[in-house]
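Please look over the sequence and the model shown here before reading on. The report is written for a reader who meets this structure for the first time.

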Amino acid sequence: MMIRYASYFIAVLLPLLLFRWFAPASIGEIDFWLLWLLAMVLVALPVVYAEIALAYRSVEGPLAGMQKLTRESDASPIWRSFGWLAALVSIVIAALIISGASTGILTALTELNSAPDVPSFAVAAGLMVITVLLSLLGVAPLPIGLGLMVVGLILSIANGVPNISFAMTDISLVEWARAVALALVSVGAGTGLYWFGQNLVSKQTLTAVEANSQQAQNKAARDYRATKLVLPIWILQLLVGVVALFISGMSLPPIGQLLYWAGVLFVVSYLLHYSTQQLAHKFGLLVSLIITFVLALLLVVAIPTTWLVGILVIVSSIAVLLLSVFAGWQMKISHLRKSLNFSSEAFYNLWRVALRLVVPLALLLALIGWVIQWLS
């Protein structure tokens with residue numbers, strides 16, 4: 001039962017986890033949030049549709065699925081790199097969040113006069129060990145993590161809700177870059193998480209109906225609609241994003257911070273579980289667990305947090321670009337039509353134009369904006 005709702009938990013949790021890294025310093029910038037909404041519609045929504053369509057077509061996880069789909073489409077093996085990049089993106093997100101958690105926990109303990117005399121990177125390393133062990137539990141930690149995070153946020157309401165002054169500011173490529181990054185990472189586009197979640201549900205469903213008649217299986221295929229899966233996920237992310245906007249300026253009391261960051265560890269464990277499962281397709285479970293742990297540990301200990309943000313932006317943008325070009329230009333049209341099963345041909349054409357042209361152009365402009373910001 002928990003597997004069926006894993007994608008919805010992720011849809012709620014990713015904005016809460018990642019808004020703080022990409023939201024502007026002044027959360028009252030109306031133009032930024034309008035750009036974020038535009039990026040959610042033009043970039044994030046078509047990409048989530050693509051992930052669900054490829055998951056349905058491949059009936060495999062991202063790494064194994066891309067191998068199957070490239071053979072089916074007679075496409076270059078270079079497109080299979082999406083599976084590797086998706087696993088890497090989840091590890092980078094985990095390292096970024098654990099880095100923030102170590103700082104947040106030390107801050108809370110300092111306020112309680114209980115801070116240990118150890119550097120932040122050592123705390124981060126210890127948290128990463130705990131998180132990797134929790135990843136062995138699979139999907140189970142997600143509701144626990146969400147519950148702890150919500151309790152921590154509720155405790156922060158006692159300190160008062162921040163008063164936000166909204167105003168319009170100048171629109172720039174840098175602002176567009178941050179809006180696109182926020183839309184992609186808070187949606188989880190390019191991570192393959194929804195592809196993975198849908199694959200788990202598909203396997204569970206196939207196991208349940210394998211004894212049924214072919215007629216029942218055909219009926220299930222006819223009843224399938226990608227929109228039934230995508231829109232609830234996307235709407236959840238939009239609503240939670242608005243909530244994250246209003247609570248991002250709240251200060252958590254020490255106990256609230258500890259509860260919040262404890263919940264974060266449970267959530268991050270699922271990201272590492274996902275990356276381990278993907279790498280296991282090539283290396284086996286034990287070796288994949290070791291690779292995930294070592295890579296995540298190196299990132300959280302050796303790379304500064306600001307650099308992790310930059311790495312996440314670059315890797316996730318490349319992953320989304322690969323996904324959009326492959327699904328838009330390499331996949332057979334008939335395969336995608338069946339995988340999406342839109343009620344109208346017009347919707348399918350709009351989606352295909354968005355994935356072929358709008359998403360790559362938006363990503364390239366966003367990358368230019370990030371380069372401008374980094375150079376300045």
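## Basis of the model

This is a predicted model, in which local features need pLDDT of at least 70 and side-chain atom pairs count only at pLDDT 80 or more, while totals for chains, interfaces and linings use all residues. Residues are numbered from 1 along each chain as its sequence is written, and side-chain values use heavy atoms, with hydrogens and water left out.

## Aromatic rings

A search of the whole structure finds 12 aromatic pairs, where rings of Phe, Tyr and Trp (its six-membered ring) pair if their centres lie within 6.5 Å, and planes under 30 degrees apart count as stacked, over 60 as edge-to-face and the rest as tilted. The ring centres of W79 and F326 are 6.2 Å apart and their planes stand at 40°, so this pair is tilted. Because W79 lies in the loop between α3 (62-73) and α4 (81-111) and F326 in helix α13 (residues 305-330), the pair ties together parts that are 247 residues apart in sequence; helices here are DSSP runs (H or I, at least four residues), numbered from the N terminus. Both W79 and F326 are buried, a term that means under 20% relative accessible area with a 1.4 Å probe and protein chains only.

Elsewhere, the charged end of R356 sits over the ring of W329, 4.0 Å from its centre. For this, CZ of Arg (or NZ of Lys) must be within 6 Å of the ring centre and within 35 degrees of the ring normal.

## Helix α5

Helix α5 (residues 120-134) has 15 residues and reaches 21 Å from its first C-alpha to its last, close to the 21 Å expected at 1.5 Å a residue, the expected span being 1.5 Å times one less than the number of residues. Its buried residues include V123, L127, M128 and L134. The cover over the buried residues of α5 includes α4, α6 (141-157), α11 (254-283) and α12 (285-302).

With 4% relative accessibility, W36 counts as buried. Apart from neighbours within four places in sequence, W36 is in contact (heavy atoms within 4.5 Å) with residues including F19, A183 and L238. The C-alpha atoms of W36 and A183 are separated by 6.2 Å, although these residues are 147 residues apart along the chain.

Q67, in helix α3, is buried with a relative accessible area of 15%. Leaving aside neighbours within four places in sequence, Q67 is in contact with R80, H281 and K282.

Terms used
Helix = DSSP H or I, 4+ residues; strand = E, 2+ residues; numbered from the N terminus. Buried < 20%, exposed > 50% of the residue type's maximum accessible area, 1.4 Å probe, protein only.
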